[in-house]
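Me: I would like to go through this model feature by feature. Please give the general idea each time, and then the case at hand.

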Amino acid sequence: MVSTGAHGTWPSPIDARLAASHDGRPEYVGVVGDEVWWTEPRPAEAGRRALIRRRADGTSSSVLPAPWNVRSRVIEYGGQPWAGAARAEGGPLIVFVDFADQRLYAYAPDGPGEPRPLTPVSAVGGGLRWVDPQLHLGRGEHGEVWCVLEEFTGESPTELRRVIAAVPLDGSAADDRSAVRELTDDSHRFVTGPKLSPDGRRVAWIAWDHPRMPWDGTEVMLADVAEDGTFHHTWSFGGGPEESVPQIEWGADGQLIFASDRSGWWNLYRADPHRGRVALCPREQEFAGPLWKFGLSWFRPLENGLIATVHGRGTTTLGILDPQTGELVDIAGPWTEWAGSLAVDGSRVIGIAASPYTSYEVVELDTATGRTRIIGTPHEDAVDPAYYPQPEDRTFTGPDGREIHAHIYPPRSPDRTGPDGELPPYVVWAHGGPTGHAALVLDLEIAYFTSRGIGVAEVNYGGSTGYGRAYRNRLREQWGVVDVEDCAAVAEALAAEGTADARRLAIRGGSAGGWTTAASLTGTDVYACGTIIYPILDLTGWGTDETHDFESQYLESLVGPLAEVPARYEERSPVTRTDRLTTPFLLLQGLDDPICPPVQCERFLAEVEGRGIPHAYIAFEGEGHGFRRADTMIRALEAELSLYGQTFGIDRPDVPLLELKK
C-alpha cells in the first residue's frame with residue numbers, strides 16, 4: 001500500500017553504506033591469452049583498486065591481496081596501470097603499477113614468488129611514475145616493458161619531464177635508473193604510450209604541450225623502430241592546436257586508424273598511404289572522448305579488418321564498423337553508456353557498460369555470432385528496483401536560446417508518494433572536469449536521494465563532452481559563467497514547469513563541479529544551499545602553483561590568459577565573492593588532494609568566518625581527489641542529506657545531525 005509522506009521524509013532501504021559499497025566501476029579491461037583481466041574498486045579495503053582475473057573456466061578472483069593497489073599517479077589521474085602476456089611456460093606474466101610507491105612490478109600469478117620491482121624509487125619531488133605499460137617479451141635479452149615515464153626533477157609539481165621509456169624485465173633497473181632506456185626525448189610536455197605496428201617497424205604515439213589540454217589539440221607522432229629497439233626519424237603525422245586526436249591504433253593491415261575532431265566531432269579516420277586521411281564513418285556523433293587518463297580506448301581494430309567502436313551523442317553504444325563501406329551495426333542490449341575501455345581477442349570484444357537500471361558490468365561480444373554476455377561484475381539489485389529512479393533525458397533552453405542537456409531523476413518510491421500540492425526539492429548535480437560528462441547510468445548515490453523524495457538534475461552544461469566540439473568550446477574563457485547559467489536555467493525551468501519546488505533547490509558537485517557549485521552560491525540566488533566537494537575556489541592561486549602539472553595551465557583556455565586578464569581571475573573566484581554568499585553550505589575535502597588542495601578550502605573558510613552563514617567543513621585524512629574509502633563516502637553522503645534536511649525543513653532522524661556553525 002502506498003502511503004503519503006512529505007518529500008524528503010520517505011524511508012528507503014538505500015542507506016549510505018549500501019551506496020558507498022557500490023561506488024566506482026571496473027576499468028582497464030584487457031585480454032591475456034584466453035583470460036580477461038580488469039581493475040575494480042574496493043571501497044571497504046581503504047579504497048584500493050584490485051586486479052581481477054577471469055579464467056577461461058569462467059571463475060574470477062582478485063590476483064593481489066590488500067594492500068596492493070593497482071593504480072598509477074601519472075598526471076595524477078593515472079591511466080592504464082597494468083599489462084599482461086601469455087607465456088608457453090609458467091602461466092601469464094603481469095606488470096603493474098602499485099599506488100603506494102608508484103614502482104612498476106612484474107608478477108607471475110601462477111608461480112611461487114611475490115611481485116618483484118622493476119623500477120627504482122626516486123626521492124626527488126613526486127618521484128618516478130609509470131603508466132600505460134606494454135609488454136614486449138622478445139625485446140632485449142630478457143624482454144622489456146614500454147611505457148610512459150613521468151620523472152620529477154624538482155620539488156614543485158610542475159618540475160618534471162615525460163618520455164616514452166623501455167624498462168628491462170630482468171629487474172636490473174629496480175635500483176639503477178640508468179638501466180631504463182629512454183625511447184623519446186622530452187621535447188613534448190605530454191606523451192602517451194607507444195603503439196607498435198604489426199610488422200614492428202614503426203611506432204606511433206600522441207603528444208601535446210601546454211597550454212593546450214588534450215581535447216584542445218594534440219599531435220600524432222611516428223617513428224621508425226631500429227633493430228635494437230631505438231626510435232629514429234621521428235615526425236609529426238597530423239593533429240594540431242585545434243585538432244584533438246585522443247586515440248590511435250594500428251589495423252591488421254598496418255594502416256594507422258585514429259579518432260579526430262577535425263570535423264567538429266570525434267570521428268574515425270584511416271591514414272591511407274595514397275589517399276591521405278580517409279573518414280571511415282562521418283557522423284555528428286562522438287567515436288571517442290576526452291583523454292583524462294592514459295590508455296583509454298574507445299575503438300579497437302579486429303583481426304578481420306572490422307573495428308569495434310563506442311559511439312553516440314549524449315548516450316553511447318557499441319557498434320561494429322566496416323571501414324571499407326562505412327556500415328556501422330550496433331549490438332543489441334540495454335546499455336546506454338560504454339566506458340572508454342575496449343579490448344579485443346579474435347572475434348571477441350570486451351567492454352564495460354551500464355544503463356539507467358544497471359551498474360557497470362564487464363560485457364563480452366562475440367562478433368561471429370552477435371551474442372553478448374556479462375562476464376564480470378554482473379549487476380545485482382541490492383534492493384527492489386522500484387526504489388531506483390526512472391531518469392528522463394531532456395534538453396532545456398538556456399540564455400541566448402542555447403541547448404542544455406540534462407538527466408532528470410524525479411523522486412520515486414514503491415511505498416510513498418508526496419502530498420497533493422507539494423512539489424519536491426531538487427538538487428542540481430554539476431559534474432567534474434569541467435570537460436567531462438554525466439552519464440545516464442544507475443548511481444545509488446542518486447537513488448539515495450530520489451528514494452527519499454528528493455529529485456536530482458544532472459546537468460551536462462556547456463563545455464561538456466558528448467555533444468561535439470562546438471558544445472565543448474562554449475566554456476572557453478566562460479568558466480564560472482556558462483556552467484553557472486546552464487545549471488541555473490535547468491533548475492529554474494524545473495521550478496517553472498511545476499516539477500521542483502523553487503524554494504527548495506540545492507546544488508552540489510565535486511572538483512570542477514565544486515567550483516560550479518561555489519560559483520553558483522556566490523553568484524546567483526537560485527539555490528537554498530549547496531554541497532561543495534574538493535573544489536577550486538581561488539582561480540589565481542590554482543592558476544599559479546596550487547595544482548598539479550597536467551591542469552596547471554587549464555585556466556588559460558577556461559578563463560583566459562592570467563597575464564592578460566588577472567582581474568577576471570579575481571572577480572570570478574568564489575573566495576573573493578563571499579560577501580554575496582547568503583545560503584548554508586557543506587564543504588568536503590580530502591587532505592591528500594594534490595589537484596584541489598585543502599588550502600583553497602581554508603582560504604574560503606577564512607573569508608566566510610564571522611559572517612553568520614551556516615556551514616560545515618569536513619576534511620578527510622588519507623583521501624585525495626575523489627573519495628574512495630567506504631567510511632568517507634558514508635559520512636559525506638549522510639552529512640549532505642542532513643544539510644538538505646535542515647535547510648528544507650525535513651526531519652531525517654536516520655542520519656547523524658550535521659553541526660552547522662556560523
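Reply: The model is predicted. In the hairpin of S32 and S33, five residues lie between the strands, and Asp400 takes a positive phi near 60 degrees.

Me: How many bridges join S32 to S33, and in which sense do the strands run?

Reply: Strands of a sheet pair through backbone hydrogen bonds, in a parallel or an antiparallel manner. Here S32 (residues 392-397) and S33 run antiparallel and are joined by six bridges.

Me: Which strand is joined to S33 by five bridges?

Reply: That is S36 (residues 455-460), again antiparallel to S33. His405 has Asn460 in S36 as its bridge partner.

Me: What does the hairpin of S30 and S31 look like at its turn?

Reply: Four residues separate the two strands, and Gly370 in the turn has a positive phi of about 80 degrees. S30 (residues 358-366) and S31 (residues 371-376) are antiparallel, with five bridges joining them. Glu364 stands opposite Arg373 in S31.

Me: Now a sheet. What is the strand order in the open sheet of four strands?

Reply: The order is S10-S11-S12-S13, and the pairing is antiparallel. The edges are S10 (128-136) and S13 (181-182), each of which pairs on one side only.

Me: Which strand gives the largest share of the lining of the second largest pocket?

Reply: S10 does, with five residues. Other strands that each supply at least two residues of that lining include S2 (27-32), S6, S15 (195-196) and S19 (247-250). The pocket has a volume of about 1200 Å³. Its lining counts 37 residues, and Gln134, Lys195, Glu249, Arg300 and Val344 lie nearest the centre. By class, 20 lining residues are nonpolar, 11 are polar and six are charged.

Me: How many aromatic pairs are there, and how is the geometry of one read?

Reply: Rings pair if their centres lie within 6.5 Å, and the angle between the planes gives the class: under 30 degrees is stacked, over 60 is edge-to-face. By this rule there are 27 aromatic pairs. For Tyr77 and Phe550 the centres are 6.1 Å apart and the planes stand at 80 degrees, so the pair is edge-to-face. Tyr77 lies in the loop between S5 (60-62) and S6 (82-85), and Phe550 in the loop between H6 (539-542) and H7 (555-558), so the pair ties together parts 473 residues apart in sequence. Tyr77 counts as buried at 19% relative accessibility, and Phe550 is buried with a relative accessible area of 1%.

Me: What is the class of the pair of Phe190 and Trp208?

Reply: That pair is stacked, at 5.0 Å centre to centre with 10 degrees between the planes. Phe190 belongs to S14 (residues 190-191) and Trp208 to S16 (residues 202-208), so the pair ties together parts 18 residues apart in sequence. Phe190 is buried at a relative accessible area of 0%, and Trp208 is buried at 1%.

Me: Where does a charged end sit over a ring?

Reply: The charged end of Arg452 sits over the ring of Tyr448, 4.1 Å from its centre. The charged end of Arg472 sits over the ring of Trp266, 4.1 Å from the ring centre.

Definitions and conventions
Residues are numbered from 1 along each chain as its sequence is written. This is a predicted model: local features need pLDDT of at least 70, side-chain atom pairs count only at pLDDT 80 or more; totals for chains, interfaces and linings use all residues. Side-chain values use heavy atoms; hydrogens and water are left out. Two strands pair if DSSP finds at least two bridges between them. Rings of Phe, Tyr and Trp (its six-membered ring) pair if their centres lie within 6.5 Å; planes under 30 degrees apart count as stacked, over 60 as edge-to-face and the rest as tilted. Buried means under 20% relative accessible area, exposed over 50%, partly exposed in between (1.4 Å probe, protein chains only). A charge sits over a ring if NZ of Lys or CZ of Arg is within 6 Å of the ring centre and within 35 degrees of the ring normal. On a 1 Å grid over the protein atoms alone, a cavity is a set of points where a 1.4 Å probe fits but cannot get out, and a pocket is an open set with protein on both sides within 12 Å along at least five of seven lines; lining residues have an atom within 4 Å of a point. Grid points are joined across faces, edges and corners, and a volume is the space filled by probe spheres set on the points. Ala, Val, Leu, Ile, Met, Phe, Trp, Tyr, Cys and Pro count as nonpolar, Asp, Glu, Lys and Arg as charged, and the others, Gly among them, as polar.
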